[in-house]
Amino acid sequence: MKHQPAYIRTILSFRTGSSQCYKVSLLDKAPVITEGVKDMAELCEAFWLVDKICTVQQTEPYSKEYFQVWRLIMKENHHATLICDDGNGKIISQEEINYTDFPLSEGITLYMTNDVIMLPTEY
């Protein structure tokens, strides 16, 4: 079910902490996600984004970065750029996405630290 962006923004704005984390990958030592990221993935139909973050964590250079900022930047015609940096502006990776139906025109930012993927408001 597709949700309206305003509804998604409202739900995510209430996520300021998380009492539970969820394992979403079968990979050993894969990060877990917070309730806010679970909500985002469900509402935006974006488990692909969570999966992308999880699957690279055991490889370099990601495995050497304690803190990561993942930004999905939306562009015209359903294109996007996915950027990972170290939180200090040093880009770890950048990937062009040829098509995504991600519903938020502003994209999304996620943090990954201590093997937990979270919304910035949950940090």
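Rings of Phe, Tyr and Trp (its six-membered ring) pair if their centres lie within 6.5 Å; planes under 30 degrees apart count as stacked, over 60 as edge-to-face and the rest as tilted. This is a predicted model, where local features need pLDDT of at least 70 and side-chain atom pairs count only at pLDDT 80 or more, while totals for chains, interfaces and linings use all residues. Residues are numbered from 1 along each chain as its sequence is written, and side-chain values use heavy atoms, with hydrogens and water left out.

**Stop 1: the rings.** Select Phe67, Tyr111 and Tyr123. Ring pairs join these residues into a cluster. The whole structure holds four aromatic pairs. Tyr111 and Tyr123 are edge-to-face, because their ring centres are 5.5 Å apart and their planes stand at 85°. Tyr111 sits in strand β6 and Tyr123 in the segment after β7 (116-118), so their pair ties together parts twelve residues apart in sequence. Strands here are DSSP runs (E, at least two residues), as are helices (H or I, at least four), numbered from the N terminus.

**Stop 2: the main core.** A nonpolar core is a set of buried Ala, Val, Leu, Ile, Met, Phe, Trp, Tyr and Cys residues joined through side-chain atoms within 4.5 Å. Buried means under 20% relative accessible area, exposed over 50%, partly exposed in between (1.4 Å probe, protein chains only). Select Met40, Trp70, Leu72, Phe102, Ile108, Leu110 and Ile117. Of the 30 residues in the largest nonpolar core, these touch the most other members. Now colour α3 (47-56). This helix gives the most to the core, five residues.

Stop 3: Another core, of five residues, lies apart; Phe67, Val69, Tyr111 and Val116 are among them.
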